[in-house]
Amino acid sequence: MAAAMQKVFSLTKSGGSSCAVRCLGTSASQYASTKTGASKKTLARPGIPNIVLVDVVRTPFLQSGTSYKNLMPHDLARTALQGLLRKTGISKDMVDYIVYGTVIQEVKTSNIAREAALGAGFSNRIPAHTVTQACISSNQAITTGIGMIASGGCDSVVAGGVEFMSDVPIRHSRKMRKLMLSINKAKTLPARLQIISQMLSASALTPELPAVAEFSTGETMGHSADRLCAAFGITRQEQDEFAVRSHTLAKAASDKGLLTDKLTYKVPGVSAPVDKDNGIRPSSIQDMGKLRAAFIKPHGTITAANASFLTDGASACLIMSEEKADHTCCLTLLGPAYATPRIVEKAGLTLSDISVFEYHEAFAGQIMANLKALDSDFFCKSYMNRSAKFGAPPMEKLNLWGGSLSLGHPFGATGVRLVTTAANRLEAEDGQYAVVAACAAGGLGHAMVVERYPTK
């Protein structure tokens with residue numbers, strides 16, 4: 001989360017169903033750009049809380065019919081949600097709502113947001129719904145989440161989108177569907193045989209493919225694009241040049257490791273993990289010029305090379321109120337700072353009574369931040385509701401036999417190692433009380449007091 005918060009984008013809803021991205025960072029004054037000539041304008045408005053984009057992930061985007069072809073769309077969405085949880089380190093219970101966008105829906109998982117959330121391990125008490133608005137469905141999912149936070153109904157929302165073109169729903173013809181329903185009502189064998197004979201007709205057997213045309217106009221997006229290019233005088237050459245530019249730049253960004261939102265996905269039944277978008281294919285203007293028109297034939301200018309391809313993929317992002325994001329960022333690795341005063345005072349002890357401190361060392365900086373937090377009047381008053389600072393453990397009492405940084409950190413086993421070291425140090429140093437404390441993902445913290453007393 002700390003790393004994620006370094007690249008927070010602040011979002012402000014700006015009427016209708018749109019939103020605007022403003023400065024890097026959680027506050028304009030703290031993180032505003034210092035580059036010469038950089039704009040000092042901000043979308044922040046007095047009295048209107050900022051909403052921040054904490055982090056984003058996506059599966060690699062693949063051409064349909066390739067490595068994802070045997071999955072279902074909710075598999076991709078679930079993988080994106082799980083990847084977001086791993087990347088941000090937040091607890092599932094911190095999420096108030098989940099919204100997903102999709103266009104061509106799998107009938108078995110019509111509310112794919114709900115199915116993906118349950119598959120990713122979110123509680124069934126966290127509501128989730130699906131939106132559809134053509135190619136801006138996931139944009140609308142984000143805007144819906146922004147609205148929920150802006151209205152005060154939620155503090156944190158996961159928004160995302162998924163599309164799976166490898167297995168689109170193909171329906172029986174309407175005639176066949178009617179006959180199928182009718183056969184259940186037929187009460188005699190002759191009546192049923194008559195319906196079956198109608199089912200065998202070509203008109204009944206011809207399936208209905210998903211519509212690629214607008215229902216209201218009967219026109220496909222490709223036809224619209226061809227007419228648009230004609231209206232604005234955009235040539236085939238210009239379009240092919242722009243397509244080459246897009247593929248070339250995408251390859252360069254991928255090769256430089258700039259596309260950091262991509263997950264590595266071990267697809268069941270596929271030998272190698274999927275970690276790259278497989279539609280990036282730089283070509284030459286000459287090769288592109290050999291392709292024929294795809295929509296308005298033979299004189300159209302839209303081809304398979306200068307149009308986007310059918311793609312399988314899913315994405316997810318975490319958005320929060322700025323206050324919640326700031327608080328979460330502070331909490332994530334400050335478990336020892338929050339937990340130590342509570343456990344020491346609950347035991348009726350003071351800082352000076354403790355002989356041994358064993359803190360989990362997730363990072364050197366994390367340990368130092370906890371010590372500074374405990375020794376800060378401002379932090380203890382502002383974030384821990386104390387009248388003054390609690391005080392930091394003396395370095396001469398802290399982790400004297402090494403810690404997780406040097407000994408290692410097998411996630412599920414470190415706690416026992418901490419307690420064991422504390423008990424052994426009490427014995428070796430002839431101490432009476434030890435405090436063991438650790439942080440954990442999701443803003444969790446743990447602390448305990450260990451007492452040594454003579455055995456009879």
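Here are some questions and answers about this predicted model.

User: How many helices and strands are there in the chain?
Analyst: Let's start with the overall picture of the predicted chain. Of its 456 residues, 39% count as buried. The chain's accessible surface comes to about 25,500 Å², and 58% of that belongs to carbon and sulfur atoms. As for the elements you asked about, the chain has 17 helices and 11 strands.

User: Among contacts between residues at least 6 apart in sequence, what share joins residues at least 24 apart?
Analyst: A contact here means heavy atoms within 4.5 Å. Taking the contacts in the chain between residues at least 6 apart, the share that joins residues at least 24 apart is 71%.

User: How far apart are the end C-alpha atoms of helix H3, and what span should its residues give?
Analyst: H3 covers residues 73-88, which makes 16 residues. At 1.5 Å a residue, those should span 22 Å. The model agrees with that, since the end C-alpha atoms are apart by 23 Å.

User: Is H3 largely enclosed or left open, and how many of its residues are buried?
Analyst: The buried set of H3 includes Pro73, His74, Leu76, Leu81 and Thr88. Their cover includes strands S3 (51-58), S5 (97-101), S7 (156-163) and S8 (311-321), along with helix H4 (112-119). H3 is largely enclosed by the rest of the structure, because the buried count out of its 16 residues is 12.

User: Where is Ala141, and which residues is it in contact with beyond its neighbours within four places in sequence?
Analyst: Ala141 sits in helix H5, and it counts as buried because its relative accessible area is 0%. Val157 is 16 residues away in sequence, with a C-alpha to C-alpha distance of 9.9 Å. Setting aside neighbours within four places, the contacts of Ala141 are Val99, Tyr100, Gly101, Val131, Ala159 and Gly160.

User: What is phi for Ala134, and what is phi for Asn385?
Analyst: Most residues other than glycine have a negative phi. Ala134 is in the loop between strand S6 (128-131) and helix H5 (137-150), and its 48% relative accessible area makes it partly exposed. Asn385 is in the loop between helix H15 (377-383) and helix H16 (404-407), and counts as exposed at 72% relative accessibility. Phi is positive for Ala134, near 55°, and for Asn385 it is positive too, near 55°.

User: Which residues make a nonpolar surface patch of about 410 Å²?
Analyst: Ile196 is one of them, and its place is in helix H7 (residues 189-199). Its relative accessibility of 37% counts as partly exposed, and residues need over 30% to join a patch.

User: How many disulfides does the structure hold?
Analyst: A disulfide is a covalent bond between the sulfur atoms of two cysteines. Cys229 is buried at 10% relative accessible area, and Cys380 is buried at 0%. The number of disulfides in the structure is zero.

Notes
Residues are numbered from 1 along each chain as its sequence is written. This is a predicted model: local features need pLDDT of at least 70, side-chain atom pairs count only at pLDDT 80 or more; totals for chains, interfaces and linings use all residues. Side-chain values use heavy atoms; hydrogens and water are left out. Helices (H or I, at least four residues) and strands (E, at least two) are DSSP runs, numbered from the N terminus. The expected span of a helix is 1.5 Å times one less than its number of residues. Buried means under 20% relative accessible area, exposed over 50%, partly exposed in between (1.4 Å probe, protein chains only). Patches are made of residues with over 30% relative accessible area and no salt bridge: like charges are joined within 9 Å, nonpolar side chains (Val, Leu, Ile, Met, Phe, Trp, Tyr) within 5 Å. Accessible areas come from the Shrake-Rupley method with a 1.4 Å probe; for residues, only the protein chains shown count as cover. A salt bridge is a side-chain nitrogen of Lys or Arg within 4 Å of a carboxyl oxygen of Asp or Glu. A disulfide is a pair of cysteine sulfur atoms within 2.5 Å.
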